[in-house]
Amino acid sequence: MALPGKEPVIAHVASISVECADCGRNRWWRPDQLKRFGVTGNTPLAALSGRIVCSACRADGLPGAAVSIQAAFIDERQRVRSEARMLNDREVPLEGSKRA
Ligand SMILES: [Zn+2]
């Protein structure tokens, strides 16, 4: 089993900054706004660069692919705590079914 948080995915980020090197536009996207790019909560951050393009450049007929992407992560402590709670919820019924 892979370590949790080893490969950051969209579900771990609060928002994504997309800065276009061609036109200089910079905007923040919420993860749910990235669905139009085929991005889901399971999409690795590393896969974003090929998918997200600058819509302003696209409107001008340019590729719009010269974007740099930054992710703002959800508060680390909050994330660890909610993962721990999920694990607990999962372990209790698992153990019960093993003994039964
Ligand atoms: Zn642009």
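**Figure 1. Contacts across the protein chain.** Of the contacts in the protein chain with a separation of 6 or more, 62% join residues 24 or more positions apart. The model shown is predicted. Two helices and three strands make up the protein chain. Read from the N terminus, the elements follow the order β-β-α-β-α. The protein chain holds 100 residues, and 11% of them are buried.

**Figure 2. The open sheet.** Three strands build this sheet, in the order S2-S1-S3. Their pairing is antiparallel. Strand S2 (26-29) and strand S3 (67-73) are the edge strands. Each of these edge strands pairs on one side only. On average, neighbouring strands of the sheet are turned by 20 degrees against each other, direction ignored. Strands of a sheet pair through backbone hydrogen bonds, in either a parallel or an antiparallel way.

Figure 3. Strand S1 covers residues 13-20. Four bridges link S1 to S2, in the antiparallel sense. Two residue pairs can be picked out here. Ser17 has Trp28, in S2, as its bridge partner. Glu19 stands opposite Asn26, also in S2. Between the two strands, the hairpin has five residues. Gly24 in this hairpin takes a positive phi near 80 degrees.

**Figure 4. The largest nonpolar core.** Eight residues form this core. They are Ile10, Val13, Ile16, Val18, Leu34, Val39, Leu48 and Ile52. Val13, Ile16 and Val18 fall within the residue range of strand S1, 13-20. For a closer look, take Val39. Leaving out residues up to four places away in sequence, Val39 touches Ile10, Leu34, Leu48 and Arg51. Ile10, Leu34 and Leu48 are also members of the core.

**Figure 5. Ser49 in its loop.** Ser49 sits in the loop between S2 and helix H1 (55-59). Is Ser49 buried, exposed or partly exposed? Ser49 counts as partly exposed because it has 13 C-beta neighbours inside 10 Å. A buried residue would need 20 or more, and an exposed one has 12 or fewer. How far apart are Ser49 and Ala66 in sequence and in space? They are 17 residues apart in sequence. In space, the C-alpha to C-alpha distance between Ser49 and Ala66 is 9.0 Å.

Key: Residues numbered from 1 in each chain as written. Predicted model: local features only at pLDDT ≥ 70, side-chain atom pairs only at ≥ 80, totals over all residues. Pairing = 2+ DSSP bridges. Axes fitted to C-alpha atoms, helices over the stretch in contact; angles between N-to-C directions. Core = buried A, V, L, I, M, F, W, Y, C linked by C-beta atoms within 7 Å. Contact = placed C-beta atoms within 7 Å.
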